[in-house]
Every structure is written in structure tokens, then in C-alpha cells.
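I opened this entry to keep track of what I looked up in the model. The notes follow the order in which I checked things.

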Amino acid sequence: MTKRTPTTAAVVTMAAVAASAGAQDYKCYDDGEVALVAIPDGGVLEPAIPLFLHGVRVDDPDTGGPDSYTILDFYDRVPGTGSYPLTAADIIANGFIRPLVQRADGTTSAIGTSVVTGPSFRETGRPLDLIPDMLSAEITIGQPNGEDRIAVTAHGLYADRAGLTCQRRWPDPVIGRTETVVEYEWEAAGDIPLPGDSTGRGFDAFRLVMFSSMLSSLQTLEYDARFIEVVDPQGRRRTLELRDSPRPRYLFPSPRPVAVGGAFALLKDNRSVWNPGSPSIEIVIESVSVPVGQFGVQGYLAASTDHNDDSLSVWLEWVDAPAVVPAGTRIGARLRIIATPATDPGDLDHDGAFTTADGAMLHARLGAVEADPDFDAYADINRDRAVTDADYGALAALLGADPADLNRDGAVNTIDVLVYLTLFASGDPSADLNGDGLVNTIDVLSYLNLYAYAR
Ligand SMILES: [Ca+2]
Ligand SMILES: [Ca+2]
Ligand SMILES: [Ca+2]
Ligand SMILES: [Ca+2]
């Protein structure tokens with residue numbers, strides 16, 4: 001099933017929101033901090049559905065008959081500015097969400113990777129049922145600083161097989177970080193047999209939540225995401241560069257293990273010419289109810305390189321799914337979707353800058369190879385699937401100095417040690433060299449190791 005979704009992000013002022021809400025798009029809410037614009041025909045294949053705001057049907061008085069909508073766009077004021085850029089699109093017609101990231105200058109990133117906010121399943125003998133037919137959606141407005149600042153609750157049916165109620169809660173975003181809490185309950189209406197062959201149960205039979213992204217060509221720099229990250233049950237974070245061939249193919253021989261409290265992400269860098277600057281997006285698994293016991297991360301790169309096809313899918317697989325999911329089975333999940341700015345290789349702590357901390361983190365990974373459970377492709381700057389001295393040299397080139405040369409005088413000597421100790425003594429955040437948010441003796445050892453290496 002091909003989904004077509006808009007790919008451009010407009011930057012508008014509140015006046016422009018009002019001006020654009022003509023006969024088609026309808027501004028259904030505006031409290032001076034956030035405006036919601038309901039779009040009847042947003043270019044998606046799924047039909048428009050009724051939308052309610054606190055129980056009252058959203059209906060443009062300038063059009064005849066009750067209106068239905070496909071997309072709800074959020075225009076949110078950027079803190080410290082009078083700018084209201086498009087900050088999120090909730091595609092109520094199919095349950096996809098597309099978060100954007102606000103910038104201090106009052107703009108937002110482009111739209112890129114989407115998240116499909118409900119399960120998909122492959123009943124024996126049938127194609128993947130990707131999304132339910134959505135029936136309706138309801139908006140509620142919560143407290144200005146609460147987690148439910150804006151909440152969208154949607155209902156849908158997977159024909160006569162299952163039903164879904166899914167709530168997307170949107171806290172007020174901050175600059176550089178847009179979060180969405182997804183909470184759903186899925187219920188089987190009848191027995192659902194799952195395929196049992198070698199690529200069946202536990203292998204693309206039941207997806208609990210999914211990224212929908214586009215990867216056309218790494219060579220021509222047309223992609224939403226370039227890296228996949230999975231945090232395993234031991235807490236190890238492994239980041240791999242995606243490949244664009246061969247295709248079609250599954251990304252992994254078997255789903256990569258992940259557990260509650262873990263996460264997986266599609267990371268974007270700034271090289272892409274496709275929706276440049278669109279965000280990296282992480283899915284944190286906050287809870288999944290029984291009967292799901294084990295899950296993992298799997299992905300599929302489709303044969304299509306059509307930009308309108310979502311050619312890269314990455315999802316959370318129900319690994320220990322039974323041969324038959326009995327009627328009445330309920331699965332609940334709570335997930336946190338975190339969108340942050342695109343970051344480039346060498347920026348190991350993803351803070352948007354190349355610093356000594358990146359150097360210390362890269363130094364700590366010297367000798368790592370791609371098969372390692374904590375491999376970080378962001379440390380492999382020259383992309384030879386190993387972290388070596390050459391990568392350290394590449395980071396020094398990006399930084400314009402050796403990462404250990406804190407006073408940037410072109411020499412690594414005891415003056416730099418004193419500079420580090422001064423930063424450390426004052427608790428300066430830049431003295432946190434391992435990215436754990438703490439400034440402690442581990443960081444001092446980290447600097448001294450970096451210093452000894454650079455000398
Ligand atoms: Ca950095
Ligand atoms: Ca390398
Ligand atoms: Ca120096
Ligand atoms: Ca630290």
C-alpha cells in the first residue's frame with residue numbers, strides 16, 4: 001500500500017496561517033501559542049474522516065455539509081519568537097505522524113521520516129495489513145505545560161480482523177526537540193493465524209510500531225535517514241550506516257533484540273538533498289503489554305526508489321507471536337517519539353557541533369568494528385566500517401584542531417591539561433567528555449587518555 005504524504009514544510013506567521021485557511025484548509029483552533037489547521041485533502045490515499053474538538057465536530061462554516069479531514073497540522077509558536085512554523089503533521093486519515101524540529105530563528109526543519117502509530121500484521125495467506133481504516137479522530141486541548149498539550153485520539157478497524165484506538169499526545173515542543181507520546185490499544189476481533197514459514201512468525205508477521213521513510217539513493221544523496229540505531233537489552237547502543245543496495249531486502253538476518261526501556265532510531269545527516277535537514281527520529285519503548293514477551297527491530301528496503309513510495313520501513317517486531325492470535329487478544333503499547341535535528345558523522349554526542357567531547361568519545365571507540373554490539377557509525381567518519389586513527393584524524397580536520405588541543409594553539413601540551421582541569425573544577429558542561437550528563441573523575445580519566453593519545 002503506497003502512502004503519499006506531503007513532503008514540504010512551510011514556515012508561516014500566524015497571519016499566514018489565517019490567510020491559508022481558505023475554502024479548503026480550516027483553522028479549527030488557535031490560542032495564540034498553537035494553531036491547528038485541518039486539511040480536507042492532504043494528498044494521502046486514505047479517505048478523509050470526521051474530526052472532533054472536545055466533542056464538537058470540526059466543520060468549516062464556509063463550506064456546505066459536514067467536512068471530513070485527512071491531516072491535522074500544528075503551527076506552534078517558537079519560544080522567544082513571534083513565529084509559528086509548521087511543527088507537526090498528524091495524518092489522522094492513516095495514523096502516520098510527522099514531527100518537525102523548531103529552531104531558535106523561528107523556523108522548523110523539513111518533514112522527513114514518518115511514524116506509523118499502530119500495529120501492522122500479516123495474516124496467513126494475506127498481504128500485510130499496514131494500517132486500519134480510520135473511522136474518526138478527536139482533539140483535546142490540555143494544560144499549556146502538560147504532556148497532553150494537544151492530544152489526538154483516533155479509532156480504526158482492520159476490516160473485520162481487529163480494532164485500534166490510538167492516542168498521540170503532543171507536549172509543547174522545545175527548540176531542538178519535538179516529542180510525541182503514542183499510546184494505543186489493539187484488539188483482535190477474530191482469530192488471526194500468522195504465517196509459520198522461515199520468514200513468518202517473529203519475522204515480519206506482526207509489527208508493533210513502524211518508521212516509514214524514504215531511501216532512494218545514498219550516492220545521489222536522496223534519503224530521509226542514513227543511519228539506524230538500536231539499543232539492545234544490555235543497554236548497548238549500536239549505530240549502523242544504512243546501505244541502499246541490494247534491494248529489495250530485509251535489513252537484518254533476524255530482528256535485533258530490544259527490550260522495554262530500549263529504543264531504536266533512524267538518524268539523518270546534513271548531506272541529503274532530499275528534505276534537507278529533516279529530523280532524526282527515535283522511538284523509545286516505554287511499555288508493551290503482555291502477551292508480547294520478546295520483540296526486536298527489523299527493517300525492509302523496498303525495490304522502489306520512487307520518492308513518493310516509503311521505500312524504507314523499520315519496525316518493532318513481535319518476535320514470540322503465537323501461531324494464532326486468539327480473538328479478544330489485546331495489546332497495549334506506550335511509546336515516546338523524539339525528533340531532533342539532523343547531525344553529521346563525527347558529532348558523536350549529536351549536539352550539532354564538533355568538540356573535544358566528540359574526540360574523547362571517538363578515542364574510546366578506537367579499534368571497534370561494525371560487528372561490535374556498540375559500534376557507532378558516527379565514529380567511523382571515513383566509512384570503512386572500523387574506528388581507527390584515520391577517523392580520529394578526520395575528526396581533527398572537522399574540528400580544525402586536535403580534539404585534545406583545548407586552547408587551540410596548535411600544540412597538545414600541559415597547558416591543555418590545565419585548561420581541562422579548570423573546566424572540570426568549575427563543573428563546566430563541556431568537561432563532560434563521555435556524554436553521560438555528569439562531570440566527574442571518569443571524564444578526567446577520559447581527557448588524560450585523549451591527551452596521552454594525542455601526544
Ligand atoms: Ca558533538
Ligand atoms: Ca573508519
Ligand atoms: Ca594546546
Ligand atoms: Ca561524564
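**Tyr158**

I counted 22 C-beta neighbours inside 10 Å of Tyr158, so I put this residue down as buried, the threshold being 20 or more. The model is a predicted one. I then looked up where Tyr158 sits, and found it in strand S11, which covers residues 150-158. Next I asked which residues Tyr158 is in contact with, leaving aside neighbours within four places in sequence. I noted Asp129 and Pro132. I also took the C-alpha to C-alpha distance from Tyr158 to Ile131: 6.9 Å in space, for 27 residues in sequence.

**The chain as a whole**

I listed the secondary structure of the protein chain and got five helices and 27 strands. For the extent, I took a box along the principal axes; the C-alpha atoms fill roughly 75 × 55 × 40 Å. I then compared the radius of gyration with the globule rule. For 455 residues a compact globule would come out near 23 Å, and the protein chain has 23 Å, so the two agree. As to burial, 45% of the 455 residues count as buried. I looked at contacts with a separation of 6 or more, and 64% of them join residues 24 or more positions apart.

**Helix H3**

I went on to H3, residues 389-399, and wrote down its buried residues: Asp391, Tyr392 and Leu395. Why do I place them on the same side of H3? They cover an arc of only 105 degrees around the axis, which puts them there. I recalled that an α-helix has 3.6 residues a turn, so residues three or four places apart point the same way. On the face turned away from the buried side of H3, I found the exposed residues Asp389 and Ala397. After H3 comes Gly400, and I read its phi as positive, near 85 degrees.

**Helix H2**

I checked what the buried residues of H3 pack against, and the partner is helix H2, at 356-364.

Technical notes: Residues numbered from 1 in each chain as written. Chains lettered and ligands numbered in written order. Predicted model: local features only at pLDDT ≥ 70, side-chain atom pairs only at ≥ 80, totals over all residues. Buried ≥ 20, exposed ≤ 12 C-beta atoms within 10 Å, placed from the backbone. Helix = DSSP H or I, 4+ residues; strand = E, 2+ residues; numbered from the N terminus. Arc of directions from axis to C-beta. Contact = placed C-beta atoms within 7 Å. Rg over C-alpha atoms; globule rule 2.2 N^0.38 Å.
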